[in-house]
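Morning, everyone. Please have the structure open on your screens, and I will go through it part by part.

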Amino acid sequence: MTSRGTVFKETMLGRVRMADEDGDRPVRLDLLARADAVLLPHRTTAAQLTGRIRIAGRADDAEAVGELEISPLARRRIHYRIAFTMEGRRLTLDGWKSVSPRRPLTSMTVLPYTLYEDGHRVGEGTLRFPLTTGLLPFLASFRFPRAAESRADRHLASRWDGAPGRTEVWYTTVTDPVTDSGIWLHHEVVAPSDGSPAYAHGWAAVFPKDGPAEHARFGPVPWAGHPEGFSAGDISAGSGRLAGSAGSFTWALTERGEGPPLHTFPGWSWRRPWLPASHMLPAVRARYSGTVRHGTDELRLDGAPGAGARIYGHGNARRWAWLHADLGGGDVLEIVAAVSMRRGLDRLQPLVFLRLYRNGRTWPRRAERSAVGWAGIGRFRADIGLPEWRVKGRAGLSRIAVTVTQPPEQTLTLDYTDPDGSAAVCRNTERADAVVTLERWWGTWRREAGWRLSGTAHAEVGDR
Amino acid sequence: MTLRSTAALKGLVAALLADDGTTAWTRSVPRRVETLLDTMPAPARTAVRGAAAAVDAYAVVRTGRRLSALGPAERERVVASLASRRALLPLLEAVKVPLLLAAGTERSLHHSPTPEAPAPDDPPLDCTPSREWPTRSSADAVVVGSGAGGAMAARTLARAGLRVVVLEEGEHHTTASFGRRAPLDRFTDLYRDGGATIALGTPPLVLPVGRAVGGTTLVNSGTCYRTPAHVRTRWLDRHGFAAAEDLEAHLDDVERTLRVAPQPLEVLGDNGLLALSGAKELGWTAAPLRRNAPGCKGSCQCVVGCPTGAKQSVQLSVLPEACAAGARIVTGAHVRRILVDGDRPGGPRAAGVVVRRPDGSELEILSPLVVVAAGALHTPPLLRRSGLGGHPRLGRNLSVHPATSVAGRFSRHVTSWKGVLQSVGVEHLREDGILIEATAAPPGMSSFVLPGVGRELRRELEETEHLATLGAMIADRPSGRVLGQNRTLLRYDLAPCDADRLLRAQRAMGRLLFAAGAEEVLTGVPQAPRARTPAQLEAVLDTVTARHLHVSAFHPTGTAAGGADPERSPADPDGRLRGVHGVLIGDGSVLPSCPEVNPQLSIMAAALAVAERYTAGTS
């Protein structure tokens with residue numbers, strides 16, 4: 001689903017004959033149409049209209065509002081409904097262009113309409129789109145802006161469809177800027193490959209600035225499903241709230257997403273699970289407030305930066321590395337580099353999915369670009385190791401180099417279990433260092449931006 | 001029209017009517033024929049003109065001069081020579097139909113001009129000509145057609161609170177306007193194609209349908225039969241047409257609305273009384289028909305619009321009630337196609353209609369519900385040109401009630417056109433699917449074609465006051481088909497068993513007339529036109545097959561039948577067109593099979609049921 005909308009301006013001129021008059025009057029309509037979807041001619045697109053309507057000598061309302069149904073092929077109709085005020089009376093203009101393949105130009109430009117007041121007809125007329133003077137401004141006015149932030153909630157609902165051999169994860173990583181501690185809350189549903197009932201489990205971990213990481217597991221408990229996210233016993237994650245307790249850990253956090261969703265893997269792989277797994281962030285950044293207690297310590301968060309993420313797939317990779325780096329100023333770098341467990345694919349170099357969300361745009365534009373390049377040529381490279389791993393690559397006129405360092409003393413090693421029962425080991429820290437360098441080609445490579453994160457990057461490396 | 005073709009037509013009229021210049025009325029017949037031809041569809045017009053030219057050419061070959069240049073005696077010889085060739089008889093018969101229509105009108109105008117009677121005021125209707133209707137409008141429901149079915153659907157939907165717009169291709173004619181004009185002038189206005197709708201087949205049949213606010217109910221005979229119980233059982237059990245479940249209650253409702261009652265004997269007229277006496281003589285069941293004409297004055301003009309306002313056609317009964325409930329009627333509105341939104345969730349959905357005005361411009365009405373009630377002959381083409389004609393059975397299953405007629409000559413004046421047009425039903429053979437009805441018509445408008453040409457025809461014309469006419473219709477197999485998209489093309493091949501029944505009906509009507517005291521029976525068959533005794537009639541009809549008969553039909557039904565089987569029925573048991581949401585079939589097309597009686601009540605009850613089921617389903 002595209003996240004872009006459509007905005008355009010349209011001006012039409014014509015005449016109206018009011019029921020209480022003999023002659024007719026000139027009319028001018030200046031409209032701004034906004035749709036939540038990209039205007040595709042073979043589809044039906046609904047748009048909101050605002051603008052100005054002028055009936056010579058009788059009405060000049062700059063606050064006309066209405067709706068537009070644009071369906072030139074599917075319904076062969078472009079339907080305008082505009083409410084406006086004339087001499088204190090509230091009138092509605094209702095009319096449509098009836099698109100005909102035999103008369104494409106006329107039928108796309110002529111708008112016969114009827115005026116109503118309280119459902120009674122009070123006038124009618126015809127408006128025309130002036131091709132000679134109006135076409136260029138009309139075409140030049142088209143914009144396809146990103147739609148307003150979509151609700152993150154819709155990505156929180158469980159994806160698992162009951163099939164065996166699936167795993168689904170809701171996880172959250174946070175950096176507390178006050179204490180420089182890291183927090184990791186992991187909620188997982190595993191549907192074993194042998195068809196036995198799905199179970200929910202997970203853990204909570206804290207990475208203090210000084211001293212080793214602590215964690216506590218919860219579950220497994222039978223998975224009963226939940227419409228709005230993860231819920232098992234007293235532990236829940238979803239709809240802007242995270243709460244639960246495990247061992248000596250107790251947490252209660254509110255989550256406030258900022259920014260649009262970010263698909264680390266191609267967006268289609270989230271909607272259609274054809275890849276071994278898919279990873280995405282319901283919101284590119286999030287702010288967390290609340291408390292996390294572990295043992296006798298308590299972290300009080302107030303708008304702490306972090307992110308929630310979602311994974312759905314068949315299990316863990318053979319080898320992988322993950323980075324979430326809040327670069328500040330609303331910019332985020334998300335990387336997953338992985339080698340698949342699938343036969344054949346397991347012999348390949350790690351596929352790198354790198355998403356740099358910067359100034360409201362995501363680079364590279366397509367997630368496939370960094371992973372497969374142009375049929376393998378130009379794909380991004382990852383050198384996975386510990387304590388340091390690297391990713392670099394070039395797309396378009398920009399290239400990036402990322403170096404992640406996971407301090408061994410603050411890295412938590414945990415065992416993962418795949419749906420098929422095989423085990424993997426992950427080494428995770430929410431106190432990683434990262435150096436990110438972005439360069440641009442200006443005849444020579446010039447440094448465009450650089451970030452150095454010290455203890456605030458969230459990273460993980462896994463293998464078997 | 002060229003001068004040459006006009007001269008040919010003039011000559012032909014003079015020859016066929018043996019115009020010797022002694023009477024005034026024959027002189028104006030050619031002009032009347034020309035006017036009539038102008039209203040007919042181009043193929044019929046061309047055929048008549050072509051026939052006239054062919055006869056003219058024959059005269060030139062035979063005499064060296066054109067018909068119009070010949071004297072009466074020579075003309076008579078030419079047409080007698082033509083008529084002696086049996087192969088040419090059907091051609092002459094076809095030409096005679098419009099000619100007799102014009103001649104009958106002219107003769108009656110000269111002999112007994114219709115006195116202009118004061119007409120009552122019609123109940124008010126909210127009619128707007130399409131030229132005054134806005135180019136863009138919307139409604140909750142659009143009803144295509146204002147005939148029996150459309151009116152009933154409109155009333156039901158309007159009473160349910162929907163904003164209803166009824167679209168009618170014809171114009172609105174008031175009772176007062178009928179009183180002011182000669183029957184033939186009204187005839188050309190009230191019928192589609194000037195009444196010359198022809199179904200191709202063997203034999204070809206004439207299938208006139210009305211076109212005006214009120215549809216065919218404006219020009220039907222007013223006979224109101226309830227749907228027979230066995231037909232209703234068949235619709236329910238064999239076809240699964242669920243809309244017939246409450247048929248009895250719906251028929252009661254319709255009968256109340258139309259004020260249906262048996263026709264009193266006082267105004268029946270001699271034609272009907274003779275039928276009654278004949279039936280009594282033979283011991284056959286017969287009775288005055290139940291009609292929707294309280295206070296009928298026996299004007300015998302039902303087929304051209306009742307001039308006294310007695311006949312409760314739907315524009316006097318149902319449509320005023322619909323308009324009182326808020327429905328609006330747009331006249332002169334030819335529906336080009338139904339708009340369909342193909343991308344609606346759940347499948348395609350009707351979105352409104354495109355209407356063509358008489359001046360060629362178009363208007364559109366958006367509506368989520370479209371009731372198609374354009375008549376069984378025009379509903380299938382409308383659906384086809386809207387892209388909704390995908391069902392293989394759409395347009396098939398056409399039943400028409402083929403009808404034939406017989407006249408009896410009596411020694412005394414019968415003057416069949418004084419009295420009720422369709423007065424008496426003889427139900428002796430009804431179980432065999434044959435319904436005999438005493439049916440007269442204004443001069444020339446009867447479906448009975450007088451025999452002979454030249455002096456013989458002229459003599460018959462001068463003596464029409466002595467003729468009584470009967471008609472019989474048979475409950476036919478669905479042997480017809482409506483083809484075409486922009487123009488309706490009809491095909492009807494009479495089933496062999498129906499052909500036998502038509503001949504049986506012919507014999508039965510002959511017997512009835514003899515029993516009533518007829519001196520001579522005119523069969524209407526050019527090859528065997530007369531019989532003076534019952535035995536002679538049997539002998540004469542032994543030589544006749546159904547191909548020789550003049551067959552007309554008045555009751556097309558079944559072309560978008562409703563039923564449970566999706567393979568056989570284009571509409572579902574509730575009368576909703578399959579394959580699209582929001583299209584109801586609300587006319588005779590939805591009837592699953594032949595109703596076996598005059599279908600007005602059946603169509604209205606079915607349309608009522610279809611509309612009620614829709615409103616019940618949505619509320």
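In chain B, helix H3(B) passes H4(B) in a right-handed crossing. Keep in mind that this is a predicted model. H3 covers residues 42–63 of chain B and H4 covers residues 72–83. Their axes are 10 Å apart, and the packing angle is about 110°. That makes H3(B) roughly perpendicular to H4(B), because angles of 65 to 115 degrees count as such.

Which residues of H3(B) and H4(B) meet? From H3(B), they are B:Val55, B:Tyr58, B:Ala59, B:Arg62 and B:Thr63. From H4(B), they are B:Glu74, B:Val78, B:Ser81 and B:Leu82. By class, that contact has five nonpolar, two polar and two charged residues.

Now the domains of chain B. Domain 1 runs over 3–111. Domain 2 is written in four pieces, 127–172, 225–255, 330–387 and 562–618, and domain 3 in two, 265–299 and 400–553. The C-alpha centres of domain 1 and domain 3 of chain B are separated by 26 Å. Their contact takes 22 residues from domain 1 of chain B and 13 residues from domain 3 of chain B. On the domain 1 side, the elements giving two or more residues are helix H1 (3–16), H4 and helix H5 (89–111) of chain B. So that you can find it on screen, look for H5(B), which gives the most to that side, with 13 residues. The domain 1 side has 14 nonpolar, three polar and five charged residues.

Next, chain A. The assignment there gives domain 1 (6–140) and domain 2 (154–463). How far apart do the C-alpha centres of domain 1 and domain 2 of chain A lie? They lie 49 Å apart.

Chain A also has a barrel. Eight strands close it in the order E1-E2-E3-E4-E5-E6-E7-E8, with antiparallel pairing. On average, neighbouring strands of this sheet are turned by 30° against each other, direction ignored. As one pair, take E6(A) and E7(A), which run antiparallel and are joined by four bridges. A:Asp94 has A:Thr114 in E7(A) as its bridge partner.

Last, the contact of the two chains. Chain A supplies twelve residues and chain B supplies ten. On the side of chain A, strands E6 (89–98), E7 (110–117) and E8 (120–128) each give two or more residues. E6(A) gives the largest share, four residues. By class, the side of chain A has four nonpolar, four polar and four charged residues.

Notes: Residues are numbered from 1 along each chain as its sequence is written. Chains are lettered from A and ligands numbered from 1 in the order in which they are written. This is a predicted model: local features need pLDDT of at least 70, side-chain atom pairs count only at pLDDT 80 or more; totals for chains, interfaces and linings use all residues. Two residues are in contact if their C-beta atoms, placed from the backbone, lie within 7 Å. Ala, Val, Leu, Ile, Met, Phe, Trp, Tyr, Cys and Pro count as nonpolar, Asp, Glu, Lys and Arg as charged, and the others, Gly among them, as polar. Domain bounds come from an automatic or database domain assignment. Axes are lines fitted to C-alpha atoms, for helices over the stretch in contact, and angles run from 0 to 180 degrees between N-to-C directions. Angles under 35 degrees count as roughly parallel, over 145 as roughly antiparallel, 65 to 115 as roughly perpendicular and the rest as oblique. A crossing is left-handed if the near helix is turned anticlockwise from the far one by less than a right angle, and right-handed if clockwise. Two strands pair if DSSP finds at least two bridges between them.
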